[in-house]
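Dear colleague,

I am handing over the structure we spoke about, with the sequence alongside. Please have it open while you read, as the notes below go through it piece by piece.

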Amino acid sequence: MRVDVDRDRCCGAGMCALEAPEVFDQDETDGLVVVLLTEPPDTLDDVVRSAAEQCPSGAVRLRE
Amino acid sequence: MTEVPPGARPLPTTRTTPLDPPPELLERQRECPVDRLRYPDGSEGWLITGYDQVRAALADLRFSSRKELLRSPVQPQEPSAAKPGFFVYTDPPEHTKYRRLLTGLFTLRRMNQLAERVKEIADDALDAMERTGPPVDLVPAYALPLPSLVICELLGVPYEDREVFQHNSTVIQDINTPIEQAYAALEEMQNFLAGLVERRRAEPSDDMLGGLAAHEELTVEEVTNVCFLLLAAGHETTANMLSLGTYALLTNPDQLALLRSGGTTIEAAVEELMRYLTVNHYGPIRAVVDDFEFEGCPMKAGETVTLSAFAANRDPKHFADPDRLDFVRGGRGQLSFGHGIHQCIGQQLARIEMRIGFQALLDRFPNLHLAVPQEDVSMRDSMLIYGVASMPVAW
């Protein structure tokens with residue numbers, strides 16, 4: 001799975017970092033999404049999917 | 001008998017139990033999750049109650065948040081323009097400009113760093129409760145001061161002034177307050193905050209007020225109103241979740257026992273309490289700027305759309321057995337913080353406050369219970385944000 005984010009759409013709610021802290025973080029200054037692992041291991045599939053689903057602004061996109 | 005024209009009924013607000021949505025609201029969800037609604041000013045618009053539909057509408061930027069277009073589903077007042085800085089009532093790109101000032105200040109990491117301080121504040125309040133001895137009204141002793149003190153510290157508002165905010169906030173939130181009084185209360189809070197902002201402009205400080213005041217591109221009025229939103233939201237919502245959540249715990253002994261025994265996590269319990277209680281009973285509210293079709297329904301320019309998060313969080317199509325508080329199922333996906341670009345900016349702070357707030361209270365008092373019969377606990381029936389008015393507890 002490959003993780004793509006759209007920082008223009010990001011509203012800094014922090015849901016991705018809450019759901020999958022191994023994969024997502026927030027920029028210290030602007031609070032917008034930062035991807036830590038663009039190709040996370042399969043073991044994280046569930047939390048990454050959940051992070052994408054919980055993102056309020058549709059900024060997290062996954063490619064299987 | 002008066003014939004009610006189909007789809008032109010007002011918002012159902014009559015509850016039969018303290019914690020459940022009005023039965024008629026859920027009936028309308030079953031019948032028609034996107035339904036016509038009659039507003040108190042006589043106009044017609046929409047009421048959306050289904051989980052999938054509310055979530056989709058919250059993410060749909062064709063729905064506007066501009067205040068001058070919004071009617072209240074429960075108060076017969078004319079729509080009026082928002083003052084500058086009330087960013088919750090703006091659309092992109094204006095909304096984006098304000099929100100981006102704040103996103104860096106409310107990150108999950110920054111909020112997690114406050115955990116220790118939140119715990120100290122909770123412990124201080126619990127110490128005071130122990131010194132007083134039972135029975136104690138949990139609302140003024142714990143539920144209100146905990147989030148008040150946290151948001152006052154974070155912003156840099158002197159805590160001694162909290163009564164100004166608590167009083168005026170109550171006046172503004174009461175749907176029975178005459179509109180002139182509500183505006184007077186709003187003005188008093190804004191004047192006070194404007195004074196603080198002006199002082200920060202003269203003498204910079206490293207609290208949130210100071211940080212926002214340092215944005216020279218913003219007027220004092222804009223900074224004041226942004227801070228007002230943060231302060232009001234920080235006071236009311238979490239306080240009501242703490243008190244109402246404790247009521248829900250004490251009246252659902254099986255779930256309380258599960259939480260106490262470690263059969264569920266505090267994280268899951270908080271999400272489920274958020275889902276089950278949905279303290280914002282009358283919103284969010286949006287407006288239609290240009291005609292478009294939503295879920296097969298014709299949205300017409302000028303109409304107001306009430307999205308019932310309260311009903312959506314009890315939609316059996318999304319949450320199995322939704323009227324049961326169930327910490328094992330958990331409340332992931334609950335819409336109490338909203339969804340879409342306006343989703344609560346303080347949600348990670350609220351989560352920390354609730355997790356620590358409930359846990360510290362339960363740990364301190366292993367035998368916590370209501371000091372009055374359950375039916376004697378008075379609810380804030382006329383408030384935009386629901387909660388308990390007062391709740392004597394003993395241990």
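To begin with a helix pair in chain B, B:I266, B:E267 and B:V270 of α13(B) are in contact with B:R351, B:M354, B:R355, B:F358 and B:Q359 of α15(B). Sorted by class, the residues of this contact are four nonpolar, one polar and three charged. Please bear in mind throughout that this is a predicted model. The helix α13(B) covers residues 266-277, and its axis lies 10 Å from that of α15(B), with an angle of about 110° between the two; α13(B) is therefore roughly perpendicular to α15(B), since angles of 65 to 115 degrees are counted that way. The crossing of α13(B) over α15(B) is right-handed.

On the side of α9(B) the contact is made by B:M189, B:Q190, B:L193, B:A194, B:V197 and B:E198, and on the side of α11(B) by B:V220, B:V223, B:T224, B:C227 and B:F228. Of these residues, eight are nonpolar, two are polar and one is charged.

Turning to the strands, chain B has an open sheet of five strands with mixed pairing, in the order β1-β2-β8-β5-β3. Because β1 and β3 (63-64) of chain B each have a single partner strand, they stand at the edges, and one side of each is left without a neighbour in the sheet. Helix α2(B), residues 51-59, packs on this sheet and touches β1, β2, β3, β5 and β8 of chain B, while its direction makes about 125° with that of β8(B). Within the sheet, β1(B), residues 34-38, and β2(B), residues 44-48, run antiparallel and are joined by five bridges, and B:R38 has B:E44 as its bridge partner in β2(B). The hairpin of these two strands has five residues between them, among them B:G42, which takes a positive phi near 95°. Further along the strand order, β5(B), residues 285-288, pairs with β8(B), residues 304-307, in the antiparallel sense over three bridges, and B:A287 stands opposite B:T304.

A further open sheet in chain B has three strands in the order β4-β12-β9, with antiparallel pairing. Its edge strands are β4 (136-137) and β9 (369-370), each of which pairs on one side only. Two bridges link β9(B) to β12(B), residues 392-394, and in β12(B) the bridge partner of B:H369 is B:A394.

In sequence B:E24 and B:T14 are ten residues apart, and their C-alpha atoms are 8.0 Å apart in space.

Finally, as to how the chains meet, 15 residues of chain B are in contact with 14 residues of chain A. The elements of chain B that give two or more residues to this side are α3 (94-103), α4 (108-112) and α15 (347-364), and α3(B) gives the most, with three residues. By class, the side of chain B that touches chain A has four nonpolar, eight polar and three charged residues.

With best wishes

Definitions and conventions
Residues are numbered from 1 along each chain as its sequence is written. Chains are lettered from A and ligands numbered from 1 in the order in which they are written. This is a predicted model: local features need pLDDT of at least 70, side-chain atom pairs count only at pLDDT 80 or more; totals for chains, interfaces and linings use all residues. Two residues are in contact if their C-beta atoms, placed from the backbone, lie within 7 Å. Helices (H or I, at least four residues) and strands (E, at least two) are DSSP runs, numbered from the N terminus. Ala, Val, Leu, Ile, Met, Phe, Trp, Tyr, Cys and Pro count as nonpolar, Asp, Glu, Lys and Arg as charged, and the others, Gly among them, as polar. Axes are lines fitted to C-alpha atoms, for helices over the stretch in contact, and angles run from 0 to 180 degrees between N-to-C directions. Angles under 35 degrees count as roughly parallel, over 145 as roughly antiparallel, 65 to 115 as roughly perpendicular and the rest as oblique. A crossing is left-handed if the near helix is turned anticlockwise from the far one by less than a right angle, and right-handed if clockwise. Two strands pair if DSSP finds at least two bridges between them.
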